[in-house]
Amino acid sequence: QVQLVESGGGSVQAGESLRLSCTSNISRNRTVCMAWFRQPPGKEREAVALFPSDGSSSLAHFVQGRATISKDNVRNSLYLNINSLKPEDTAMYYCAARFGWCSWYNHVYDYWGQGTQVTVAS
């Protein structure tokens with residue numbers, strides 16, 4: 001009964017920033033990979049960031065240098081902050097989870113949130 005809830009999306013202008021949040025009900029004593037994916041209209045779903053339970057993290061090349069990922073252990077929330085947003089960042093952003101190791105492939109993730117829409121104008 002894993003549940004993931006995303007928030008923080010919206011419509012912004014190019015150059016602005018957003019912080020996306022993913023709150024889960026997954027117990028902290030479980031080995032789990034949390035991840036952010038995005039799916040632009042008409043395109044394949046692609047990984048944005050990976051956050052294994054060992055505390056490390058990985059960012060996709062297209063957000064490196066302008067994105068950070070962090071965890072609030074008290075609120076059990078995962079955050080993705082993206083600065084200098086570009087029109088090509090426009091996509092539905094999803095929080096995903098799987099038990100075990102992380103992967104860049106979306107099909108291995110068993111649990112998904114409903115998504116939060118990010119639209120970047122100009």
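Aspartate 89 is buried in this predicted model, with a relative accessibility of 1%. Aspartate 89 forms a salt bridge with arginine 38, and the closest N and O atoms of the two are 2.8 Å apart. The pair links distant parts of the chain, 51 residues apart: arginine 38 belongs to strand S4 (residues 32-39), whereas aspartate 89 sits in the loop between strand S8 (77-82) and strand S9 (91-99). Arginine 38 is buried too, because its relative accessible area of 4% falls under the 20% limit.

Arginine 38 has a further partner in glutamate 46, with 2.9 Å between the closest N and O atoms of that salt bridge. Glutamate 46 is partly exposed, at a relative accessible area of 27%, while arginine 38 is buried. Together with Arg66, the residues Arg38, Glu46 and Asp89 are linked in a network of salt bridges.

The structure holds four salt bridges. Among them is the pair of aspartate 72 and arginine 75, whose closest N and O atoms are 3.7 Å apart. That distance counts as a salt bridge because the cut-off is 4 Å. Aspartate 72 is partly exposed, with a relative accessible area of 21%, and arginine 75 is exposed, at 59% relative accessibility.

Turning to the covalent links, the model contains two disulfides. One of them joins cysteine 22 to cysteine 95, with the sulfur atoms 1.9 Å apart. The link of cysteine 22 and cysteine 95 is left-handed, with -70 degrees about the S-S bond. Both of these cysteines are buried.

Cysteine 33 and cysteine 102 form a disulfide as well, and their sulfur atoms are 1.9 Å apart. Here the pair ties together parts that are 69 residues apart in sequence, because cysteine 33 lies in strand S4 and cysteine 102 in the loop between S9 and strand S10 (111-112). The disulfide of cysteine 33 and cysteine 102 is right-handed, because the torsion about its S-S bond is about 105 degrees. Cysteine 33 is buried, with a relative accessible area of 0%. When the bonded cysteines of the protein chain are numbered in sequence order, the pairing reads 1-3, 2-4.

How values were computed. Residues are numbered from 1 along each chain as its sequence is written. This is a predicted model: local features need pLDDT of at least 70, side-chain atom pairs count only at pLDDT 80 or more; totals for chains, interfaces and linings use all residues. Side-chain values use heavy atoms; hydrogens and water are left out. A salt bridge is a side-chain nitrogen of Lys or Arg within 4 Å of a carboxyl oxygen of Asp or Glu. Buried means under 20% relative accessible area, exposed over 50%, partly exposed in between (1.4 Å probe, protein chains only). Helices (H or I, at least four residues) and strands (E, at least two) are DSSP runs, numbered from the N terminus. A disulfide is a pair of cysteine sulfur atoms within 2.5 Å.
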